[in-house]
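Thank you for asking for comments on this model. My notes follow as numbered points, to be read beside the sequence and the structure.

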Amino acid sequence: VSPGQLTKKYSSCSTIFIDDSTVSQPNLRSTIKCIALPINLWLNQILLFCRDSDRSLDIFDEKSHPLTREEVPDDYYKHDPDHKHIYRFVRTLFSAAQLTAECAIVTLVYLERLLTYAEIDICPSNWKRIVLGAILLASKVWDDQAVWNVDYCQILKDITVEDMNEMERHFLELLQFNINVPASVYAKYYFDLRSLADDNNLSFLLEPLSKERAQKLE
Amino acid sequence: PWSFTDSFQEQDIVVRFKWQRQGIPFGAATSYVHLEKLCEGSCATVYKGISRINRQLVALKVIKLEAEEGVPFTAIREASLLKCLKHANIVLLHDIIQTKKTLTFVFEYMHTDLAQYMGQHPGGLHLCNVMVSSLEDSYPLRHEGYFPLCMVTANYLLVFIYSIYDKNFGENLPLMMKLPLSLQAFFQSAGCIFVEMIQGQPIFAATSGGHEQLEKIWAVLGVPTEDTWPGLSKLPNYNPELVASRRPQRLRVICDRMSRVPAAENLASRMLTAFPRGRISAQDALLHGFFSPLPPQLYQVP
């Protein structure tokens, strides 16, 4: 009798299945895929419970501060993005600005902190600018080779540096300049992301552990 | 802690400006009046000012913003750290004002800084008291998990302002000093200042940064090797040919006044140790024999 195809790989005595992401060196691609998840979850929640949420702020609204030159459709606030859409937006920014996986986790910390401190909801009309603001701040204070605000104008061609600066000012004020991420908070977000990925069948890529990979992981 | 009574001039200023207190918000440029320029650095200018909110004197650190950069990351880190640190010996950050072209930190006003104070008291500093203050100040940093963020920066990070209690004069002597701070560098910085306070001269005085600065440091501490600094050769930018090999020297050879202060040389050299993990910790430093003449109550400063 065939045992059938196992949907998940499990380690045995002879083979250890392991991904190459650790808390100190997370895998970039998997992490970015993962951080799109909670953003998506928050959006779904908002759409489920309060379709006409007015807990937003003008500075993050795409209608009044468009990210592209294309006309923003009138029903822009109704289109909820799917996981792929969010992932693509985040990935574009991360690969163009050469940001790290640690930066992605810090981005998520700032995102959640903003929503709590500022008492706003993430919704279809503002998610892009809120995510952009969080990435901008995370890359600035986390990476040693700080990205300047003007660099984001190279990536998203139609935005102005004045707009970025104004958004940064608002973001910092709403966070009350609290950009500190203690090691414990960082680790919590990392492991929460991993279990969230597991629940959503978006596991980190598992491969048999070899001697070379073990050395690399050390 | 600040009192108006010790300066008639400042009292005049307060009397001259009679403002309505209602409706004056925090975070607005109009809530503060600039008085005179105190000092100017490469990225910021400090003004003496007065708050319209509570009529107290303040120090306004004005950072000019580059449009292309946005808010500098050093300024963001500085604000974040200072907001978390509430300690009797660290200056209070009252307020932050953002405009399109400037970022202003509003600090409590201090009458003098450490450099001025050392100048006014040649050979007269009560070092035990000064050092206890600066070591205690590093405590909150260690304990609240600032390590990860600080570790990624090799940049000069923070302006720390210390108020130091000098029991000989029986009065509060608020001092201000500027420290380069990534946490690993913190103790070395404190060590440098410690030596400077004893000797009256900077220990690694270089006119330019980079290589000359390194040379000056190695001339005293000796060039680190794998023996004195495990893992050294794996560090980025490690270049074994950059400096000729040098042996460490005893601090008292370079700083003659060192030998006059009991236990000072030992403490200083343990603070200056090049290998980060070989350096003395804040906790151990406070228990060092150098501080044994101090009354135990001093350790209970809030």
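1. Over the face of which residue does A:Lys33 lie, and at what distance from the ring centre? The model is a predicted one, and in it A:Lys33 sits over the face of A:Tyr87, 5.6 Å from the centre of the ring. A further case in chain A is A:Lys188, which lies over the face of A:Tyr189 at 5.8 Å from the ring centre.

2. Turning to ring pairs, a search of the whole structure gives five aromatic pairs over all chains. One of them joins A:Phe60 and A:Phe171, whose ring centres are 6.0 Å apart and whose planes stand at 85°, so the pair is edge-to-face. This pair links distant parts of the chain, since A:Phe60 belongs to the loop between helix 1 (28-49) and helix 2 (83-96) of chain A, while A:Phe171 belongs to helix 6 (residues 161-174) of chain A, 111 residues apart. A:Phe60 and A:Phe171 are both buried.

3. In chain B, the rings of B:Phe105 and B:Phe107 also form a pair, with centres 6.3 Å apart and planes at 80°, so this pair is edge-to-face. Both B:Phe105 and B:Phe107 are buried.

4. The sheet of chain B deserves a look of its own. Five strands form an open sheet in the order 1-2-3-5-4, with antiparallel pairing. Strand 1 (32-40) and strand 4 (93-98) of chain B stand at the edges and have a single partner strand each, so one side of each is left without a neighbour in the sheet. From one strand to the next, the twist averages 25°.

5. B:Leu93 has its bridge partner in strand 5 of chain B, namely B:Phe107, whose ring is the one paired with that of B:Phe105. Helix 2 (residues 73-84) of chain B lies across strand 3 (57-64), strand 4 and strand 5 of chain B, and runs at about 25° to strand 5 of chain B.

6. As for the overall make-up of chain A, its secondary structure comes to eight helices and two strands, and the elements run β-α-α-α-α-α-α-α-β-α from the N terminus on. Of the 218 residues in chain A, 47% are buried. Among the contacts in chain A between residues at least 6 apart in sequence, 80% join residues at least 24 apart.

7. The largest nonpolar core has 80 residues, and those with the most contacts inside it are A:Tyr110, A:Leu111, A:Tyr152, B:Leu103 and B:Phe105. Helix 4 (residues 127-142) of chain A gives the largest share of this core, 11 residues. Leaving aside residues up to four places away in sequence, A:Tyr152 touches A:Leu93, A:Ala97, A:Leu99, A:Leu132, A:Ile135, A:Leu136, A:Ser139, A:Val147, A:Ile159 and A:Met164. There is also a second, separate core of 18 residues, which includes B:Ala268, B:Leu272, B:Phe290 and B:Phe291.

8. Where in chain B is B:His288 found? B:His288 is in the segment after helix 10 (282-286) of chain B, and with a relative accessible area of 10% it is buried, because the cut-off for that class is under 20%. B:His288 and B:Leu267 are 21 residues apart in sequence and 7.2 Å apart in space, C-alpha to C-alpha. Residues up to four places away in sequence aside, B:His288 touches B:Ala263, B:Asn266, B:Leu267, B:Arg270 and B:Ile280.

9. Most residues other than glycine have a negative phi. A:Gln176, however, has a positive phi of about 55° although it is not a glycine; A:Gln176 is found in the loop between helix 6 and helix 7 (183-199) of chain A and is partly exposed, with a relative accessible area of 45%. B:Arg55, again a residue other than glycine, has a positive phi near 65°. B:Arg55 is placed in the loop between strand 2 (44-51) and strand 3 of chain B, and is partly exposed, with a relative accessible area of 24%.

Conventions:
Residues numbered from 1 in each chain as written. Chains lettered and ligands numbered in written order. Predicted model: local features only at pLDDT ≥ 70, side-chain atom pairs only at ≥ 80, totals over all residues. Heavy atoms only, no water. Phe/Tyr/Trp six-rings, centres within 6.5 Å; stacked < 30°, edge-to-face > 60°. Helix = DSSP H or I, 4+ residues; strand = E, 2+ residues; numbered from the N terminus. Buried < 20%, exposed > 50% of the residue type's maximum accessible area, 1.4 Å probe, protein only. Lys NZ or Arg CZ within 6 Å of the ring centre and 35° of its normal. Pairing = 2+ DSSP bridges. Axes fitted to C-alpha atoms, helices over the stretch in contact; angles between N-to-C directions. Contact = heavy atoms within 4.5 Å. Core = buried A, V, L, I, M, F, W, Y, C linked by side-chain atoms within 4.5 Å.
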